Amino acid sequence: MTMILLRTISKLFFAALILTATLTSCKEEEIGEVDDISGLGGDTWVPGPIDKWIMDSLTIPYNISAKYKWDQFEFGNITKTLVPPDEAQVVPLLSTIKKAWTLPYVQEAGEVFYNKYSPKFFVLSGSNEYNAEGSVTLGTAEGGRKVILYGTNLFKIKGMAGYNPAEDSSFVKDWFLHTIHHEFGHILHQTVLYPVEYKNITKSLYQGGNWINWSDEDARRDGFVTAYSSLNFDEDFVEMIAMMLTEGKAGFDKIVNSIPEGTSPRGVTKAQAQASLRQKEAIVVAYYKNTWKIDFYSLQKRVRGSMNKLF
Amino acid sequence: MKNSILYVLFLTAAFFSCENSDDTVFEETADVRLNAALASYEKQLVEAPSGWNAVIYPAGGGSYGFHFKFNNQNRVVMYSDFADASAATAKESSYRLKALQTPSLIFDTYSYLHVLSDPESDVNGGDLGEGLKSDFEFSIFPDSVKTDVITLVGRKNKSRLVLTRANEAQATAYTNGSVAKSLLFNNIAKYQTYFKRITLGGVTYEITVNQQDRVIKLTWLSGTTGNTFTTEYYFGPAGLTFVKPLVNGSQTITGFTNFTWNANTVQLGFSGAGANTVVTTAIKPLAVDLAASRRWWQKPVDSGGEWRSEFGFHVNGVDDAFKVKDLVSGKDEFAFYIYQPAVDPDYDVFAPVFYIEEEEKLDLVYGHAPGRPTFVADGRVIFPEWGSLGTVPKPGPAASSAALLFDPSGFYLIQTSEDTYDMVSAKDAKAWITWE
């Protein structure tokens, strides 16, 4: 039985060999005019001042590119209605990100660190992305490489027409800068994981998908810096990074101190919630120091300092 | 069995031959032809010295006029009739031609064209997340590219964009502000009277304008019979342009031009079909739909339910003049006003409805009870006061609304669509309420 099977296989194998030989003997002379394939190598257009700014300010020093011209296929959900950015918005937005994210990290940790870990590709949408249940997508990140920022046309900083400090400063802080610091936090912990003790601080209180039904104020009473923090360990960790950097030390202290008296519905006292946030803060600071040789409080000062100049 | 597998294998091998000729029906490869097509489309767009007049018909409805001037540096300068500012001031942005599933024209940074697509509802009055369902990426089909007219189809929503080669005078009409001046027509909304009339070449027309949907309705009489004509419109070098012209006997109206506007006297003037006219007001319809009021009253009786109004009465140019939207009952907020006919053999109900948030239900707290309305032979409906329900706060929005409803002059009912009516005061036509 075994013998027969072997023989069959060997004959088949032999036949297959001949077949392969026959096929490979047909040599293709050339593969055609490949250099004429339309769009091969990416879209091209006559470069303008914005393209030059991106090249000089982001691509040459940091190997980062930014796509502001419309390309539907960069956006995950092609059924959504979006519009491209207004050209007048592109440099103000990108330079804000550069000032409040790139430069603080470069100054604190050096170009080698920054160029090694920063996402390399920004895609801009002019409008927000509206979701069926009423929420709005602020930004998305893919694989530590590509970051999509929405709402470019709504972005306003000091010096731009119609700037309203009361609304616009928190919009820029909570949307664009929070998003980029949040996503960069993910890249860092996916490269070197934070100490496991972090997960024990508020272990029993994570909400999972139910976070959406919580306000930031509710979440803080349980020791989470934002409602989104309570989704899982990783989001908690990067929300801490994003909030501490964009709020500054004073802003973060204010958040901790504003937790009201009493016990939360889940049985956490004010003192416990504050202690949890302080422990998380300490682990973030230690993680930056031990893993990346970055003085977190100095980085925080630089980020917040640059933001104060923008608003 | 074993052998047959072998034979099949050899047979397969035998089918292969070493001949590799790539004869195709075309002389050039698909890529070469695609690149040539993209280049020729771009050349055609760029080599129009006065640019292109354009009209876009968004999938969401309406029609909007544009002017594009393309250059060979991927730049386009445009005007749009969407608003006064965009009709008066050019904006530069970028475009490119790209091979997608078809050769495509993409307006790839924000321009006046994107205003229609913008998902932010306060930009264009469309739905949040959708805008006016317009487009800014267009497929180019070779058979719809003519020397002077290019018809494109939006890739996302299938909006139609028609480009027509502009002449020098048409381009000048944009740069010298005469297209912008045509937008004076939009002041027609400042007339306080519901019914507006124009007279062109001896024919009197009632003109009804829906600026959000860009629709004009003209009504005229032949003898005692009313005729209506409805068209979409846009603004361009020829002024306000009808998407389809009105042919009325020997008279053909393609649009309106030569606009004048006097804000002090609230008087709009323009020309159409070679004649000048000013917009005048009337307190009753030109052709009264005699059965409309009874039809309006009967509809909820037959189908159940009631008529609802989100904003209450519009009076003397003020939307929600009595501020019914500010009404509250305890902590329950105003939802809408209702008119429910034949609640009782003796009376109907005209009342504000409140929304109880915790219980997610609607609540009727107080209101007015008109008696059975009188349907007058001239088409009006008159609401007699029969009584009230609950305790109506006086004075207040509900009391003011009822006082207007019980006006002895009554109302005309104007059917504006299958399921919507405007109820217009017969006293002066300066007050009305929209039922839906």
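Does Ser134(B) count as buried or exposed, and how many C-beta neighbours lie inside 10 Å? Ser134(B) counts as buried, because 29 C-beta neighbours lie inside 10 Å. The cut-off for buried is 20 or more.

## The model and its confidence

This is a predicted model. Its scores are ipTM 0.83 and pTM 0.85. Confidence can also be read chain by chain.

Chain B averages a pLDDT of 93. In chain B, 94% of the residues score at least 70. Chain A averages a pLDDT of 87, and 89% of its residues score at least 70. One stretch of chain A needs care. Over residues 1–7 of chain A, the pLDDT is below 50. Beyond near neighbours in sequence, that stretch has 0 contacts in the model.

## Chain A in outline

Chain A has 311 residues, and 33% of them count as buried. Its secondary structure consists of 10 helices and 6 strands.

Now look at contacts in chain A between residues at least 6 apart in sequence. Of these, 67% join residues at least 24 apart.

## Helix 3 against helix 5

Helix 3 of chain A covers residues 87–109, and helix 5 of chain A covers residues 165–191. The two pack at an angle of about 60 degrees. Their axes are 10 Å apart. Helix 3 of chain A and helix 5 of chain A are therefore oblique to each other. Helix 3 of chain A passes helix 5 of chain A in a right-handed crossing.

Which residues of helix 3 of chain A meet helix 5 of chain A? They are Leu93(A), Thr96(A), Ile97(A), Ala100(A) and Trp101(A). Across from them, helix 5 of chain A supplies Val172(A), Phe176(A), Leu177(A), Ile180(A) and His181(A). By class, this contact of helix 3 with helix 5 of chain A has 8 nonpolar residues, 2 polar ones and no charged ones.

## Helix 5 against helix 8

Helix 5 of chain A also packs with helix 8 of chain A, which spans residues 233–257. Here the angle is about 130 degrees, and the axes are 8 Å apart. That angle makes helix 5 of chain A oblique to helix 8 of chain A. Their crossing is right-handed.

On the helix 5 side of chain A, the residues are Lys173(A), Leu177(A), His178(A), His181(A), His182(A), Gly185(A), His186(A) and His189(A). They meet Asp234(A), Phe237(A), Val238(A), Glu239(A), Ile241(A), Ala242(A), Leu245(A) and Thr246(A) in helix 8 of chain A. How many residues of each class make up the contact of helix 5 with helix 8 of chain A? There are 6 nonpolar, 7 polar and 3 charged.

Return to Ser134(B). It lies in the loop between helix 5 (121–124) and strand 6 (137–139) of chain B. Leaving aside neighbours within four places in sequence, Ser134(B) is in contact with Ile56(B), Pro58(B), Gly60(B), Leu116(B), Ser117(B), Asn157(B) and Ser159(B). Ile207(B) is 73 residues from Ser134(B) along the chain, and 27 Å separates their C-alpha atoms.

Val381(B) is found in strand 26 (residues 381–382) of chain B. Val381(B) is buried, because 20 other C-beta atoms lie within 10 Å. Not counting residues up to four places away in sequence, Val381(B) touches Ser293(B), Trp297(B), Pro373(B), Phe375(B), Gly410(B), Phe411(B) and Leu413(B). Val381(B) and Ala169(B) are 212 residues apart in sequence. In space they are 52 Å apart, C-alpha to C-alpha.

## Backbone details in chain B

Where does Pro395(B) lie? It is in the loop between strand 27 (385–389) and helix 9 (397–405) of chain B. The peptide bond from Lys394(B) to Pro395(B) is cis, with omega near -10 degrees.

Asn258(B) has phi near 55 degrees, a positive value in a residue other than glycine. Asn258(B) sits in strand 14 (residues 251–262) of chain B. It is partly exposed, with 14 other C-beta atoms within 10 Å. Glu360(B) has a positive phi as well, near 50 degrees. Its place is the loop between strand 22 (349–356) and strand 23 (361–364) of chain B. Glu360(B) counts as exposed, because it has 7 C-beta neighbours inside 10 Å.

How values were computed: Residues numbered from 1 in each chain as written. Chains lettered and ligands numbered in written order. Predicted model: local features only at pLDDT ≥ 70, side-chain atom pairs only at ≥ 80, totals over all residues. Axes fitted to C-alpha atoms, helices over the stretch in contact; angles between N-to-C directions. Helix = DSSP H or I, 4+ residues; strand = E, 2+ residues; numbered from the N terminus. Parallel < 35°, antiparallel > 145°, perpendicular 65-115°, else oblique. Left-handed = near helix turned anticlockwise from the far one by under 90°. Contact = placed C-beta atoms within 7 Å. Nonpolar A, V, L, I, M, F, W, Y, C, P; charged D, E, K, R; others polar. pLDDT = per-residue confidence, 0-100. Buried ≥ 20, exposed ≤ 12 C-beta atoms within 10 Å, placed from the backbone.
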